Amino acid sequence: MALLLLGWACNSPTQQTTDTASESQTTAKAATDFQIAGDSVANAAQKAFVGALMKAINEQGTAGAVSFCNVHALPIADSLSQHYNCTIQRISDHYRNPADMPDATDSIVIADYQAQKTAGTVLSARLVEQENQVIYYKPIMVGMPTCLQCHGDPKNDIDPATLAAIRGKYPADLATGYQHGDLRGVWKIAFRK
Ligand code: HEC
């Protein structure tokens, strides 16, 4: 499988290997466009998702909010995907919803992010170019203590009612045992070329 991993910088080595100057410019411009669009989608979706989750926790408690950590429950996800002609997913190697299971490309990207994190590198978004689509990935970190109420240690962080709600809805759940600062997964925004 041929993967083209583009960094954020326009002068990334990958792009400098392009044969002609004009091709190089086209690639750089397209990559920049996809980066900007990917950022817009991921940031808007993340903001809406955290907002909906916090509101649900305040109104219904954590166990009642278990249905609100689902990106497809967000009306904004539909309008973003239509506006940008893209699909929006969250993917994790320790997924709770089997629909968020990584494919081969996702697994490579997630493993690479984990390796970068272990090496102390600050993680940033990246593009993977395929034949028919450009995929934008952005790391999702366990960045708030609230995340641990449903993704932390089942004994110490997750209350019994919440754990029961999670196990009832997701019998094969893999998404517990996380600590603050861990890589939880990635936003995956796929644009048709
Ligand atoms: C109220 C419980 C709850 C809280 C709090 C919560 N989550 Fe989740 N999370 C879930 C549930 C339930 C799913 C499965 C959603 C679905 O069916 O799509 C999930 C799924 C996810 C996924 C998709 C991958 C997967 O495992 O299926 C990511 C990424 C994620 N959560 C990150 C976070 C982050 C980051 C936070 C903190 C900001 C957070 N969650 C807080 C319950 C929660």
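**Stop 1**

Start with the ligand: the space it takes up is the largest pocket. A molecule counts as sitting in a pocket if more than half of its atoms lie within 2 Å of the pocket's grid points. Pockets here come from a 1 Å grid over the protein atoms alone: a pocket is an open set of points where a 1.4 Å probe fits, with protein on both sides within 12 Å along at least five of seven lines, and lining residues have an atom within 4 Å of a point.

Before you click further, note that this is a predicted model, where local features need pLDDT of at least 70 and side-chain atom pairs count only at pLDDT 80 or more, while totals for chains, interfaces and linings use all residues. Residues are numbered from 1 along each chain as its sequence is written, and side-chain values use heavy atoms, with hydrogens and water left out.

**Stop 2: the lining**

The volume of the largest pocket is about 700 Å³, taken as the space filled by probe spheres set on points joined across faces, edges and corners. Its lining runs to 34 residues; select Phe 49, Cys 69, Arg 90, His 151 and Arg 184 to see those nearest the centre.

Now colour by secondary structure (DSSP runs numbered from the N terminus: helices are H or I with at least four residues, strands E with at least two). Helix H2 (21–64) is among the elements that supply at least two lining residues, along with strands E2 (86–91), E4 (133–141) and E5 (183–192) and helix H5 (145–151). H2 gives the most, with seven.

Colour by class next: the lining has 19 nonpolar, eleven polar and four charged residues. Ala, Val, Leu, Ile, Met, Phe, Trp, Tyr, Cys and Pro count as nonpolar, Asp, Glu, Lys and Arg as charged, and the others, Gly among them, as polar.

**Stop 3: the shell around the ligand**

You'll get 24, with Cys 69, Cys 147, Cys 150, His 151 and Arg 184 coming nearest. Here H5 contributes the largest share, four residues.

Which polar atoms meet the ligand's oxygen atoms (N or O pairs within 3.5 Å)? Show these distances:

- Asp 100: a polar side-chain atom at 2.5 Å from a ligand oxygen.
- Arg 184: a side-chain N or O atom at 2.5 Å from a ligand oxygen.
- Arg 96: a polar backbone atom at 2.7 Å from a ligand oxygen.

**Stop 4: zoom out**

Finish with the chain, which has six helices and five strands.

Technical notes
A residue is near a molecule or strand if one of its heavy atoms lies within 4 Å of it. A polar contact is a pair of N or O atoms within 3.5 Å; within protein, one must be able to donate a hydrogen and the other to accept it, and residues adjacent in sequence count only if both atoms are side-chain atoms.
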